[in-house]
Amino acid sequence: MAELNINERQAGDVTVLDMSGKITIGEGSVALRTAIRRLLEEGKKRILLNLAQVSYIDSSGIGELVSSYTAINKEGGQLKLLNLTQKLQDLLTITKLLTVFDVYESEAEALNSFK
Amino acid sequence: MTGETTELSLPSRIDTVATAAAAVADFVGRSGISDDAAFGIDMAVREAVTNAVLHGNRQDEDKTVNIILKSSPDAVEISVHDQGPGFNPEEVPDPTAQENILKASGRGIFFMRSFMDEVDWSIRPGGGTTVRMLKRR
């Protein structure tokens, strides 16, 4: 089984990536980077990452979230985060990234925020 | 338990990070430390081994990453040795400084310091760098 599984679905013009597993150095980080690059190539620039099932993330994974955020912003798009685990929320808090990312606990609220 | 020491010698590959983390999780599980502390140790070990593989040994498979795990009634101590040239941890930029927040890398040492009670680096007499990390019970 892959370290990180990413399931893609469309909710209006927002692409939701339901992620499960680990975003860590190597396979997990690369899988996220590849998915985001592909979406940008397809012109999908409104992206919501559902992280509810992400059990673990390291500094490389955090870095990949930041890279995704800046790459999407550069293309005039938006990246938002949904359903952070407590551990991920703690990591984003200590790294001061919680002030950078737009974070939601409700998918409906997150989707509405793109409008 | 009164104390236990384990040593590991692993190749300088990215998959060593997961191998080391699994071995440390076993060790920490036997040590009877709290779940919260175990989570912090896991984070710190992954970052330390990542640094040893990537920055210390530069993924040179002729070089190894050696890990020593010690548990005592007071603490769990983990040392990670690489065969690289070393660096000055004081020169590593603060990843939470405004100008660094959106950088894609540079948070590993910050996590190690955040999750462990003591972290220090030393250059070994025979070459290479050792990072020693301590988590008190």
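In chain A, strand β3 (residues 46-57) and strand β4 (residues 78-82) run parallel, joined by five bridges. Within that pairing, A:L48 sits opposite A:K80 of β4(A). Keep in mind that this is a predicted model. Here's how the rest of the picture builds up around those two strands.

**The sheet**
- Chain A has an open sheet of five strands, ordered β1-β2-β3-β4-β5, with mixed pairing.
- β1 (4-11) and β5 (102-104) of chain A are the edge strands: each has a single partner, so one side of each has no neighbour in the sheet.
- Going from one strand to the next, the twist averages 25 degrees.
- Helix α2(A) packs on this sheet and touches β2 (14-23), β3 and β4 of chain A, with its direction at about 145 degrees to that of β4(A).

**The helix pair**
- Helix α1 (residues 27-41) of chain A and α2(A) have axes that come within 9 Å and cross at roughly 10 degrees.
- That crossing angle is under 35 degrees, so α1(A) counts as roughly parallel to α2(A).
- On the α1(A) side, the contact uses A:G28, A:S29, A:L32, A:R33, A:I36 and A:L40.
- α2(A) answers with A:S60, A:G61, A:E64, A:S67, A:S68, A:A71 and A:I72.

**Where chain A meets chain B**
- The contact between the chains draws 15 residues from chain A and 17 residues from chain B.
- On the chain A side, helix α2 (residues 59-74) gives the most, with seven residues.
- That side of chain A splits into six nonpolar, seven polar and two charged residues.

Definitions and conventions. Residues numbered from 1 in each chain as written. Chains lettered and ligands numbered in written order. Predicted model: local features only at pLDDT ≥ 70, side-chain atom pairs only at ≥ 80, totals over all residues. Contact = placed C-beta atoms within 7 Å. Helix = DSSP H or I, 4+ residues; strand = E, 2+ residues; numbered from the N terminus. Nonpolar A, V, L, I, M, F, W, Y, C, P; charged D, E, K, R; others polar. Pairing = 2+ DSSP bridges. Axes fitted to C-alpha atoms, helices over the stretch in contact; angles between N-to-C directions. Parallel < 35°, antiparallel > 145°, perpendicular 65-115°, else oblique.
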